[in-house]
Structures are given as C-alpha cells and as structure tokens.
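Please keep the sequence and the 3D view open while reading.

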Amino acid sequence: MDLKELGEFGLIERIKEALGGPMPDGVLGIGDDCAVLPQAGGMETLVSTDMLLEGTHFLRGDIPARLLGWKSAAVNFSDIAAMGGRPVGSFLSLGLPAGLDSDWMDAFLAGYKECSQYCGAPLLGGDTTTSQDGIAINVTVVGQCQSGRSRQRSFAVPGDLICVTGPLGDSAAGLQVILQGARGSEAAEALVQRHYRPVPRICEGQALAATPGVHAMMDISDGVASDLRHILKASDVGAVVRTEKLPLSAGMRQVCARQGWDATTLALTGGEDYELLFTMAPGTEPPVEYYAIGTVTEEKNLVWEGSSQDFIGFRHF
Ligand code: ADP
Ligand code: MG
C-alpha cells in the first residue's frame, strides 16, 4: 500500500501499533501534543518533537532565515503550551547542504534564540550533519507541569464549550498572500507576519491548565477541521461548530474579500495558527482571551452549523 492511501494519521497508528506500547505506569506516549513522563516531587516532564523540511514546510527563497529560526522553535514550544506546560529547554538538529551561506545560518540562529528567550528555554543540545538535498530542521522541546495539570486531547466531555484563544486563518491567508503574490498592503503584510512568526501561547496554556473547568486542549497546527477531530476521536465524542462564531481578524476578512478567498474555509482548514483549541465546562471563566465556537456532543459526528460544506484540515500525505 502506498503511504498516501494510509494517510499521515494511519501511518502514525501503524507506528504506534508496532512500537508504541506497552507504556510504563503514568506515561502518556504517542497521540497527544507531548509525551508526558511522571517525575518525583509531583511534577511531570513534557517532551515533543517536530521537523521542518525545505520544500515541504518552507521555501528558502521565501522565508527570511531569522523568521525560519523563530518559527522552528515556536511551532515546537506551541506543543508544550498545548499541554499547559512551562518550557524548560530544546534540542536543535540540522541537516545542512554544504554550500549554505554562514550569514543565513547566523540569522537563523538569531531567530531561534529570540523565540527560545521568549519562551524562557535555553538550547540544551542537538545534532549537525550535511544534507545532499535541502535543509532539514528537527527540534525537540522539553517542558514541565504539575502532576495532573496537563490537558490532554482525551479530556473533552459532552456539553463542553469548544473554544480558541485567537483569530483563525490568518496564517493560511498569509501563505496564500505569499504564494499568489498578493503582498504590499498593510493587511496582507500582517497576515504574512502571522504565517512566518507564530507566537506560541505559553502563558495562555498555563493559565488554562490552572483553571479547573478546562478539559481537553491542543494547539492548532493543521486547522480546526483536522485538529478538533483529534480531540473528538480521543474523547469519543462529537461536536457542533457554529461557523458564524469563528473569530476572523479584520485584516483577514479584508484580504479575503479583495482576493475572492473563502475566509471560513481558510479559518477551518488552513492550519499553522498555533492558537490553542480547548474545551471547558459551561460557566468556566478562564483568565485568557477566548472565543467559543461550538459545543461537544454525545452524538459522535461533527456538524458545521451555518455551512453546507464539510471541512477537512491540512494532511501531510
Ligand atoms: P502535533 O501536530 O501536535 O505536533 P502530530 O500530528 O505531528 O502532532 O503527531 C501526533 C502524535 O503522533 C504525537 O503524539 C506524535 O508524537 C506522534 N508521532 C508522529 N509521528 C511519529 C513517529 N514517526 N513516531 C512516533 N510517534 C509519532
Ligand atoms: Mg500540537
């Protein structure tokens, strides 16, 4: 069978079946934003890893090296935020083509450092090798939280409100701006910035994890349409999403209207927003900005209220 047929998540399932168990007591392995490892002293260690490949995740000529450095760290620390953890440190492994310019490398490292400092997490190690074809960047992040605090994808319960911490689709619209050469206006440049320089919601994640009524949580890397399905599957529940409630930034609406792009589709399927997607019991008042976009249901299907379309998020295969 070819990998396309299996799909990204089918492939991960297969890896999990082959290698992912059995787990020692209290250890959470494959399937969430981070692995969770219990420690002495009432703490848990969180670990996650993500890869960025030239040609697949970025085009070297399009993204400035400094922003790629920021983004490589940011998308990883976002998974620590998604569990409600505090970043502790990171490991950076690089596969680099022999002819790469050292100025490019310096700029990349400056951006990586900027995000690491923002997250309060130093670089702890890594690996360096040559690559025959393009740049490969692999980052592993380590975080920490109090035992029992981490918010997992399986914690949603029927009746929960489904919420996000910020506007959706800015990053996807920014990518379209780049690909379709629609740059120049202030609104378009702000979207490009959201695509190149996502901000991991570290403080928000910790504040949400400290709020008792907050249940499931993850970060939005592949779009709500894909990411919400992970929460629903892991929690064995369904959802109604009210498409008119999706938070869309004014700039994103403006650029979509001008370019004739469907804002709802970009908001649900575009991905790379790195806002947090979480569920909470009605009446919970978390101390962060949030937008309620739907409700968790017992019935195990996903309904897009206000739209006749189905929405599928970003797929890597
Ligand atoms: P995220 O978007 O939060 O980074 P992914 O969709 O990349 O999560 O991965 C989903 C889950 O599958 C995670 O728990 C991740 O650790 C695991 N995973 C993905 N690829 C592999 C792999 N090659 N081997 C083991 N686990 C994997
Ligand atoms: Mg994630």
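## Helix α6

In this predicted model, the buried residues of helix α6 (residues 202-209) are Ile202, Gly205, Ala207, Leu208 and Ala209. Buried means under 20% relative accessible area, with exposed over 50% and partly exposed in between (1.4 Å probe, protein chains only). Helices (H or I, at least four residues) and strands (E, at least two) are DSSP runs, numbered from the N terminus.

The buried residues of α6 pack against α2 (65-83), β3 (86-96), α3 (102-119), β7 and β9 (276-280); contact here means heavy atoms within 4.5 Å.

## Basis of the values

Residues are numbered from 1 along each chain as its sequence is written, and chains are lettered from A and ligands numbered from 1 in the order in which they are written. Because the model is predicted, local features need pLDDT of at least 70 and side-chain atom pairs count only at pLDDT 80 or more, while totals for chains, interfaces and linings use all residues; side-chain values use heavy atoms, leaving out hydrogens and water.

## The sheet and the helices across it

Six strands form an open sheet in the order β7-β9-β6-β10-β8-β11, with mixed pairing. Its edge strands, β7 and β11 (302-305), each pair on one side only. Two strands pair if DSSP finds at least two bridges between them. Neighbouring strands are turned by 25° against each other on average, direction ignored. Within the sheet, β8 (residues 238-242) and β10 (residues 291-297) pair in the antiparallel sense over 4 bridges, and alanine 239 stands opposite valine 296 in β10.

Both α2 and α6 lie across β7 and β9. Helix α2 runs at about 175° to β7, and α6 at about 15° to β9. Axes are lines fitted to C-alpha atoms, for helices over the stretch in contact, and angles run from 0 to 180 degrees between N-to-C directions.

Asp33 (OD), Asp79 (OD) and Asp219 (OD) coordinate the magnesium ion (ligand 2) at 2.0 to 2.1 Å. Donors are N, O and S atoms within 2.8 Å of the metal (3.2 Å for Na, K and Ca); water is not among the atoms, so sites may look incomplete. The donor spacing in sequence is D-x45-D-x139-D. Aspartate 33, in the loop between α1 (3-19) and β1 (35-39), and aspartate 219, in strand β7 (residues 214-219), are 186 residues apart; both are buried.

The residues around ligand 1 (a heavy atom within 4 Å) include Asp33, Asp50, Asp79, Arg153 and Ser221. An oxygen atom of ligand 1 is 3.0 Å from a side-chain N or O atom of aspartate 33. For aspartate 50 the corresponding distance is 3.2 Å, and for aspartate 79 it is 3.0 Å.

Notes
A polar contact is a pair of N or O atoms within 3.5 Å; within protein, one must be able to donate a hydrogen and the other to accept it, and residues adjacent in sequence count only if both atoms are side-chain atoms.
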